[in-house]
Amino acid sequence: MSRASLDKEPHEVAAMFDGVAARYDLTNDVLSMGQTRAWRRAVATAVDARPGERILDLAAGTGTSSVPFQQAGASVVACDFSLGMLGVGRSRNPELDFAAGDALRLPFRDGAFDAVTISFGLRNVSDTTAALRELRRVTKPGGRLVVCEFSHPTNGPFRTVYIEYLMRALPSIAERIASNPEAYVYLADSIRAWPDQKGLATLIRASGWSRVAWRNLTGGIVALHRGYA
């Protein structure tokens, strides 16, 4: 898979992430100029995991994003459909509870979690609304949703520079450091094709979530959306 598509094939996307698993966290840190760590902190604050709560971290990859929830005293399930990512995650974070699962058919009962979150994974699902509804299904009434995803910078000139970086610099840098550089061509393209902040909020509301709101991170490169079951 080298170009973003509205009808993403799950096995192709899973295979793509299998191919980048070994150096995924390092590559993301380099390509984001270290911003991924600040974004993870923002997600952890928004989720506000508490002792005794059960948290689902969907598209958790190697589990790096799940660690803060466990450190807060919550019981966290790091779920991903890339077996390659899960394998790397289990070796790096053996204390975490990893689970293989498809965002469109989650292997959990109704109302199983106090909070659910997905970071940089929703745009890789073939049916965004169906995935959001599935997350709603496994969340307790009143439970919390946090979506962290690439978005659209709000400043026009900055947005132009950012798009230039995505389409030219990012693939070039990935060529030198990533284990599967072609995957980052797809990732850059998928970011461009993704809805803006208001568009994603509309999809979240249409999927059954209430009190939907968002805030921009890093000038809108990333947006943090929240909602309640």
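Guide: Let us begin with Arg211, which has its place in strand β6 of this predicted model.

Visitor: Why is Arg211 called exposed?

Guide: Arg211 has a relative accessibility of 61%, and since the word exposed is kept for values over 50%, Arg211 counts as exposed. Its backbone deserves a remark as well, for Arg211 has a positive phi of about 50° although it is not a glycine.

Visitor: What makes you say that the charged end of Arg211 sits over a ring?

Guide: The charged end of Arg211 is 3.9 Å from the centre of the ring of Tyr228, and the distance part of the rule asks for a value within 6 Å, so the charge passes that part and is described as sitting over the ring of Tyr228.

Visitor: Which other residue has a positive phi of about 50° although it is not a glycine?

Guide: Thr218 has such a phi, and it is found in the loop between β6 and β7. With a relative accessible area of 32%, Thr218 is called partly exposed, because this value lies between the limits of 20% and 50%. A positive phi, near 105°, also belongs to Gly208, which follows α9.

Visitor: How do you know that the buried residues of α9 are on the same side of the helix?

Guide: The buried residues of α9 are Gln197, Leu200, Ala201 and Ile204. They cover an arc of only 105° around the axis, which puts them on the same side of α9. These buried residues pack against α6, β5, β6 and β7.

Visitor: What makes one face of α5 the buried one?

Guide: In α5, which runs over residues 83–92, the buried residues are Met85, Leu86, Val88 and Gly89. Seen down the axis of α5, they fall within an arc of 165°, so they line one face of the helix. On the other side of α5, Leu83 and Ser91 are exposed.

Visitor: Why does Ser91 count as exposed?

Guide: The relative accessibility of Ser91 is 57%, and because this is over 50%, the residue counts as exposed.

Visitor: Why is Ser65 called buried?

Guide: Ser65, which lies in the loop between β1 and α4, has a relative accessible area of 17%, and as buried means under 20%, Ser65 is buried.

Visitor: How do you know that the side chain of Ser65 makes a polar contact with that of Asp57?

Guide: The two side chains are 2.6 Å apart at this contact, and a polar contact requires a pair of N or O atoms within 3.5 Å, so the distance meets the limit. Leaving aside neighbours within four places in sequence, Ser65 is in contact with Arg40, Asp57 and Ala60.

Visitor: What makes the pair of Phe108 and Phe113 edge-to-face?

Guide: The ring centres of Phe108 and Phe113 are 5.1 Å apart and their planes stand at 90°; this angle is over 60 degrees, so the pair is edge-to-face. Phe108 and Phe113 are both buried.

Visitor: Which residues touch the most other members of the largest nonpolar core?

Guide: Of the 27 residues in that core, Leu56, Phe108, Leu135 and Trp209 touch the most other members. Leaving aside neighbours within four places in sequence, Leu135 is in contact with Leu56, Leu58, Leu106, Val116, Ile118, Leu145 and Trp209. Apart from this core lies another, of 26 residues, which include Ala78, Leu96, Phe120 and Ile221.

Methods. Residues numbered from 1 in each chain as written. Predicted model: local features only at pLDDT ≥ 70, side-chain atom pairs only at ≥ 80, totals over all residues. Heavy atoms only, no water. Buried < 20%, exposed > 50% of the residue type's maximum accessible area, 1.4 Å probe, protein only. Helix = DSSP H or I, 4+ residues; strand = E, 2+ residues; numbered from the N terminus. Arc of directions from axis to C-beta. Core = buried A, V, L, I, M, F, W, Y, C linked by side-chain atoms within 4.5 Å. Contact = heavy atoms within 4.5 Å. Phe/Tyr/Trp six-rings, centres within 6.5 Å; stacked < 30°, edge-to-face > 60°. Lys NZ or Arg CZ within 6 Å of the ring centre and 35° of its normal. Polar contact = N/O pair within 3.5 Å; in protein donor to acceptor, adjacent residues only side chain to side chain.
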